[in-house]
Amino acid sequence: MNVETMQTDRRRQHLIFIGLFLLLQVIFIWRSFYGFNTADEMYFIGCSERIFRGEKILIDEWNPTQQLCSFLLHPIYSLIRTVMGSTEGIVMASRFAYLVYSGVLTLFFYLRFQRRGYASFGPTFLFAIFAPFSICAMSYNSIEFGILPVLLAVLSADMEHSVPEYILCGILMAVIVLANPFAVLMYAGYGLICLIATVRGRRRGTKPEGVLQFRNFLWMTLGAGIILLLFLAFIFQRGTLSEMLANVPHIVGDSEHQEGYLYKTGRYFHLCFKNYKWMFVGLLFVYGATLFDKKRYSHSSVYMILAAVCVVPYLIYYGFVFEHITVNYQMLPLAFWCLEAYFVTEHKEKRLFYGWYLPAMLFTMIVQYATNTGIVTLSVAYGMCSCVGLIFAADWMKEERQRWQCARRADSGGKAGLCRAAKRRRVASLCVAGVLLIQFAGTFWLRMTYDWGDERGWLLDTRMERGPLKGVYTTRGTAEWYANVLDELDMLKLTADDELMVVGVAPWIYLYSDAGCGNYSTWQVHEGSTQLHDYYELHPDKFPDVVYMAHWAEEFMACDLSHLFTDRGYTIVYRGTGTVLMSPERGAAFMAE
């Protein structure tokens, strides 16, 4: 193939990619108008809104999950919020911001893999189609599962990096740590590997490659230090060291995430095996047979067929049958099918395996330490392995095709042997095509139809016309409930002088109301929580004069936590879609109006 033909093919590849990329963006823009996630998405935006209103990270906000990366999102959110002038329609604006973020990363991954030809479409479009939890919002999930692959893509590239590039890598690592503080374990482990490689190289009189040099790790640390300094400056611009020291113990003592690391390590393996039991049983036999087979490369098509048999039922089940948070579960099986492709490829992509796939797999354990949602989040993390694993599958297919062509030219094994090999190759090709088709079809289907916290897409037929969710479609019943709650909030005439606490998972209420957040988080209040008492002891100015019970009014009033208010003379002044509890002074003013 001459240079001109190669350039023509490459231009055709780029044009096809651009066409598919733009088509997906149009589809995703349309899709963004559907689905009312009453919990997580609203909480992510609510954290940014609290900071925009002047509240303090690590002081006013006690939920540990989103607030650190809200520092990263603050400039973007502030720009959007300032331009809009209010929170009217802020959810749609946030979703569009996510699409820009996802689109930029998609372009980056294509540029990283473009030299591999059409094989670059696999990891690029799998990343583009999949949205963690089917929540199109800027959050710690979208940041850690988006930026970590970028970092690994850079460090695993077969090239020498400049000092500014290592500093930039350090900045990316700091971003990941802000999204998931446990990622500092991964960074420390990488530093230890660099130190060992550098010391070992000096003893042997050799020089390790750039990404393993401890000097370059220090440049990365400088980049991470820049983000740390900016973060500390932002915190201490609003609060003091004594305030932070008083509040941080309560933040790290969050009752939702208190489980021992030994327990979480064991539970990691238990959850993976529990949800993919027969897949792992089958793959362990396939892996074992592969590694002990001295002719594994000649028999590779057989092993890939067997591996496909193990994973396809789970891809179908979690992609099209299972109904509980299914959007994440179907990202894990592909990672282990691609691992078999790596085992049976003779000329392996070791840089991608050790520089991307393996660190991403180790990161899934770090995710387990940080989360309390178990396999739901672990399977998302495995998506980082699945994306790069598609390169292993492409390399195996290319190698298998070359092996077949060589066998045909040499006529090895005779006509009978070639016939058997041809059948195996056709079956293997069908299995590969089937795995990829089911994976991409399932991922796209779920992106189009699944809404975290809402009904399936075809049931979302009513548009909300005001408030933070203006322009979003949901079910008729949910839209009516939403409108009723807004009417009741308008009736309360809350101002910036009020402090509001919401009972139930409804962070979007804080986005609509002008009142301050009289709670340690816009997330839900647990009936048995002692944090609320501690929070008001440290923040007496945040004690709410209005409690709006969007859910669980009877349960809340019957639990011990309600005495925090009733003992102070708080009474129920309104029962409707929600139930309203007010302080004596605020209640008297409300009833007089």
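**Exercise 1. Is Tyr 43 buried or exposed, and what is its relative accessible area?**

*Solution.* The model is predicted, so local features need pLDDT of at least 70 and side-chain atom pairs count only at pLDDT 80 or more, whereas totals for chains, interfaces and linings use all residues. Residues are numbered from 1 along each chain as its sequence is written, and side-chain values use heavy atoms, with hydrogens and water left out.

Step 1. Apply the cut-offs: buried means under 20% relative accessible area, exposed over 50%, and partly exposed in between, with a 1.4 Å probe and protein chains only.

Step 2. Tyr 43 has a relative accessible area of 3% and is therefore buried.

**Exercise 2. Classify the ring pair of Tyr 43 and Phe 44, then that of Tyr 317 and Phe 322.**

*Solution.* Step 1. Rings of Phe, Tyr and Trp (its six-membered ring) pair if their centres lie within 6.5 Å; planes under 30 degrees apart count as stacked, over 60 as edge-to-face and the rest as tilted. The structure holds 59 such aromatic pairs.

Step 2. For Tyr 43 and Phe 44, the ring centres are 5.9 Å apart and the planes stand at 50°, so the pair is tilted. Phe 44 is buried, at 3% relative accessible area.

Step 3. Tyr 317 and Phe 322 also form a tilted pair, with 5.5 Å from centre to centre and 40° between the planes. Here Tyr 317 is partly exposed at 37%, while Phe 322 is buried at 18%.

Step 4. Tyr 317 and Phe 322 belong to a cluster linked by ring pairs, which also includes Tyr 276, Phe 280 and Tyr 382.

**Exercise 3. Describe the salt bridges of Arg 95, Arg 53 and Arg 116.**

*Solution.* Step 1. Side chains of opposite charge can pair when their charged atoms come close. A salt bridge is a side-chain nitrogen of Lys or Arg within 4 Å of a carboxyl oxygen of Asp or Glu; the structure holds 17.

Step 2. Arg 95 meets Glu 41 at 2.8 Å, N to O. This pair links distant parts of the chain, 54 residues apart: Arg 95 lies in helix 4 (residues 90-113) and Glu 41 in helix 2 (residues 40-52). Helices (H or I, at least four residues) are DSSP runs, numbered from the N terminus. Arg 95 is buried at 5%, and Glu 41 is buried at 2%.

Step 3. Arg 53 meets Glu 49 at 2.7 Å, N to O. Arg 53 is partly exposed at 34%, whereas Glu 49 is buried at 3%.

Step 4. Glu 349 and Arg 116 form a salt bridge at 2.4 Å, N to O. Both residues lie in loops, 233 residues apart: Glu 349 between helix 15 (333-343) and helix 16 (350-370), Arg 116 between helix 4 and helix 5 (121-129). Arg 116 is buried at 19%.

**Exercise 4. Which residue carries the charge over the ring of Tyr 342, and which lies over the face of Phe 28?**

*Solution.* Step 1. A charge sits over a ring if NZ of Lys or CZ of Arg is within 6 Å of the ring centre and within 35 degrees of the ring normal.

Step 2. Over Tyr 342 the charged end is that of Lys 348, 5.0 Å from the ring centre.

Step 3. Over Phe 28 the residue is Arg 447, at 3.9 Å from the ring centre.

Methods:
Helix = DSSP H or I, 4+ residues; strand = E, 2+ residues; numbered from the N terminus.
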